[in-house]
Amino acid sequence: MAAIGNLRHRPVRRLTQLFLGLALYGISMALMIRSGLGLNPWDVFHQGLSERTGLSFGTVTIAVGAVVLLLWIPLRQRPGLGTVSNVVVIGLVVDATLALLPAGGPLWIRIGLLISGIVANGAATGLYLGARLGPGPRDGLMTGYVARRPNRSIRLVRTVIEITVLALGFLLGGTVGLGTVAYALAIGPLAQLFVPMFAVAQPGDVGTGQVAAQPAG
């Protein structure tokens, strides 16, 4: 299989898919924020930091992504174009979308925003992971740690990381609610649906199982 991040195979398709996926990911985050019904664990943390520091949500997202990326160094992880792009593009898009999308509204509209945000997040995950240009910094932190500690399961490590950032975000004032639970229940099946759908096959692949096995988010 061609190495992840190698652009020699179908570069236009993969770059287009990568940046569409990252842009959609930022939009999906903004939809969930505007719903006011709860965020995924990392975004609870981002929102809490944003409220405490006065920085925009997108700026905090970029800063946290950059810090997490530095943690790849002792884990000997190698970022791809998708990894670096993930840090920058999502933060810029979420801020731009929040500037255009008004807050509040009737409950039924907020529920619609929440559902749309969760589904869009799943599709965005499939698009950017399917481009096979590198995982996001947060996923790479998890997989890198497991690679260095093979006796630890991905499920356990991901659970510990997400519970930790959720707890910190809640203490900082991030929004935990129905949306947090809905995201936790829905993102796995959605990623399972969308990642194989958008996976770009490369020479030597038997199927898209390699891509589908990667963590989502």
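This is a predicted model: local features need pLDDT of at least 70, side-chain atom pairs count only at pLDDT 80 or more; totals for chains, interfaces and linings use all residues.

Colleague: OK. How many helices and strands does the protein chain have?

Modeller: Ten helices and zero strands. Read along the sequence, the pattern is α-α-α-α-α-α-α-α-α-α.

Colleague: And what share of the residues is buried?

Modeller: Buried residues are 46% of the 217 in the protein chain. Buried means under 20% relative accessible area, exposed over 50%, and partly exposed in between (1.4 Å probe, protein chains only).

Colleague: What about the accessible surface of the protein chain?

Modeller: About 10300 Å², with 70% of that belonging to carbon and sulfur atoms. Those areas come from the Shrake-Rupley method with a 1.4 Å probe; for residues, only the protein chains shown count as cover.

Colleague: How far apart in sequence are the residues that contacts join?

Modeller: Taking contacts between residues at least 6 apart in sequence, 81% join residues at least 24 apart. Contact means heavy atoms within 4.5 Å.

Colleague: Let's do residues. Where is Asp-43, and is it buried or exposed?

Modeller: Asp-43 lies in helix 2, residues 41-53. Asp-43 counts as buried because its relative accessibility is 3%.

Colleague: What is Asp-43 in contact with?

Modeller: Leaving aside neighbours within four places in sequence, Asp-43 contacts Met-29 and Phe-57. Asp-43 and Phe-57 are 14 residues apart in sequence, and their C-alpha atoms are 8.8 Å apart in space.

Colleague: Now Asn-121. Why does Asn-121 count as buried?

Modeller: Because its relative accessibility is 0%. Asn-121 is in helix 6, residues 107-130. With neighbours within four places in sequence set aside, Asn-121 is in contact with Tyr-25, Ser-28, Tyr-183 and Ile-187.

Colleague: Which residues form the nonpolar patch on the surface?

Modeller: Leu-107, Ile-111, Ile-115 and Val-119, with about 330 Å² of accessible area together. Val-119 lies in helix 6, and Val-119 is partly exposed because its relative accessible area is 38%. Patches are made of residues with over 30% relative accessible area and no salt bridge; like charges are joined within 9 Å, nonpolar side chains (Val, Leu, Ile, Met, Phe, Trp, Tyr) within 5 Å. A salt bridge is a side-chain nitrogen of Lys or Arg within 4 Å of a carboxyl oxygen of Asp or Glu.

Colleague: And which residues form the positive surface patch?

Modeller: Arg-76, Arg-148, Arg-149 and Arg-152. Lys and Arg count as positive and Asp and Glu as negative, with His and the chain ends not counted. The place of a charge is NZ of Lys, CZ of Arg, CG of Asp or CD of Glu. Arg-152 sits in the loop between helix 7 (137-148) and helix 8 (154-172), and Arg-152 is partly exposed because its relative accessibility is 37%.

Colleague: Where is Arg-76?

Modeller: In the loop between helix 4 (72-75) and helix 5 (81-100). Arg-76 counts as exposed because its relative accessibility is 66%. Its phi is near 60°, a positive value in a residue other than glycine.

Colleague: What about phi of Arg-132?

Modeller: Near 60°, again a positive value in a residue other than glycine. Arg-132 lies in the loop between helix 6 and helix 7, and Arg-132 is buried because its relative accessible area is 3%.

Key:
Residues are numbered from 1 along each chain as its sequence is written. Side-chain values use heavy atoms; hydrogens and water are left out. Helices (H or I, at least four residues) and strands (E, at least two) are DSSP runs, numbered from the N terminus.
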